[in-house]
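Let's take a walk through a protein model together, one piece at a time. Have the sequence and the 3D view ready.

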Amino acid sequence: MKQLIVLVLFFCSLLFQFCDAAALASPSIVVNLPSRTLSLFKDGSLVKVYSVAIGSPATPTPLGAFKVFNKEVNPSWYPPGKDYHIDSGPDNPLGYRWMEFSPTYGIHGTNRPDSIGTVVSNGCIRMNERDVDELFAQVPLGTPVTIMYDRVQVRLDAVGQASVGIYPDVYGVGGVTVGNVKAELSQYGLADFVSDDKISQLVDDVSGVQVIVATVCALKVNDRLLDDKVVMDGSRVSVPVDSVARALKKTFLFDENNHVVRMQAKSVPGVRRGSHIYVVPEDIQTLFGGSAVLNSAKNEFVIQALRVKVNDKPYDMDIEQVGPILALPVEKVAESLGVKLLYSSNRDHVFVGGQEVLVTWIQGQPYLQINKINEFFGACVYYNEQAQTIELTYPAP
């Protein structure tokens, strides 16, 4: 029997390795045998997880991809190998709802609610009466039913909490390794956020419950929702700086040896985790200016980076801090306003209309504080702190 189960699991692993809950049709059912759970999905989103009873090792629940092809209210039970049946009622082990997904196998209620969560059935999937009644009303004929054997469960709930569960080997198939768990975590970009020691502890405990390991937040940059996420593990908040820079069309360098992110004259600590480089929120503000705020109600990390507008149109230019005042690259300011700049012979002085511009040199580039732009260029400057924009109007009204 054990060899047969191993063979079936091998073929099922090929079937399920590309099976992602987000891709499932609406509605759909996924049953995981080691965790003794039935998950209902709609439009690819997890709706609810139910505790169930499954087949015993001697009469295991079949693995594979099925569909609900028969539904009955108040079913009769025909015991295997017997010539009698039991009508619907308190003595009927099928309960009051039956959803058949394979000949003689179904999802049903039970007159033994104490068996839920155990490994005792003849192969069917038992549910509490209240749960099966709720499920019955939501799944039409043709609903996909996927039955899998996955001892490692990584879940991401509606509020972004990521959890790991290691479940017992109910059919004696084999062990779980740290690598198995990290492979599951990697699908959520979390493999490098949970230590091997923590994973080893989870594997050794086989607690059979989901343990929260991190919280994942959506990342929004200048009102644009990105695919990549912000990760919170414990008190540490990690923001993928490469994703933010790409969204803002900025470039940076990462010093792998010293774990430092450099952007022009600015440098902050950074760490590579998987395919991303992460920094803390305060350093996002150091690099890009503006604001970085966690919106707990929406589970979003919102970055509003400083932007420049010239005559109400976005204009790409870097922004630096000179003392307490923001500063713009004087060459870009002149270019955006259509004003010609002149340099001294050794290029250490900048002039506009014969007047020397009082610039600050940053990495060989001249910057002008925004409170001096009107003096030298005649443009009106408005710093909109709420919108995180520096707005230039030229000619000044």
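Two strands pair if DSSP finds at least two bridges between them. Helices (H or I, at least four residues) and strands (E, at least two) are DSSP runs, numbered from the N terminus. Before we use those terms, note that this is a predicted model, where local features need pLDDT of at least 70 and side-chain atom pairs count only at pLDDT 80 or more, while totals for chains, interfaces and linings use all residues. Residues are numbered from 1 along each chain as its sequence is written, and side-chain values use heavy atoms, with hydrogens and water left out.

Start with β33 and strand β34 (residues 389-393): they run antiparallel and are joined by 5 bridges. Look for N384, which stands opposite T389 in β34. Now zoom out to an open sheet of 4 strands, in the order β25-β24-β34-β33, with mixed pairing. β25 (313-315) and β33 (380-384) are at the edges with a single partner strand each, so one side of each has no neighbour in the sheet. From one strand to the next, the twist averages 30°. Helix α7 (residues 330-337) packs on this sheet and touches β24 (307-310), β25 and β34; contact here means heavy atoms within 4.5 Å. The direction of α7 makes about 150° with that of β25. For such angles, axes are lines fitted to C-alpha atoms (for helices, over the stretch in contact), and the angles run from 0 to 180 degrees between N-to-C directions.

Next, follow the chain to V339, in the loop between α7 and β28 (342-343). Leaving aside residues up to four places away in sequence, V339 touches A334, V352, F377 and Y394. V339 and L392 are 53 residues apart along the chain, and their C-alpha atoms are separated by 14 Å.

Finally, on to some rings. A pair of aromatic rings is described by the distance of the centres and the angle of the planes. Rings of Phe, Tyr and Trp (its six-membered ring) pair if their centres lie within 6.5 Å; planes under 30 degrees apart count as stacked, over 60 as edge-to-face and the rest as tilted. By this rule there are 3 aromatic pairs. In one of them, F193 and Y278, the ring centres are 5.1 Å apart and the planes are at 85°, so the pair is edge-to-face. F193 lies in the loop between α3 (178-186) and α4 (196-205) and Y278 in strand β21 (residues 276-279), so the pair ties together parts 85 residues apart in sequence.
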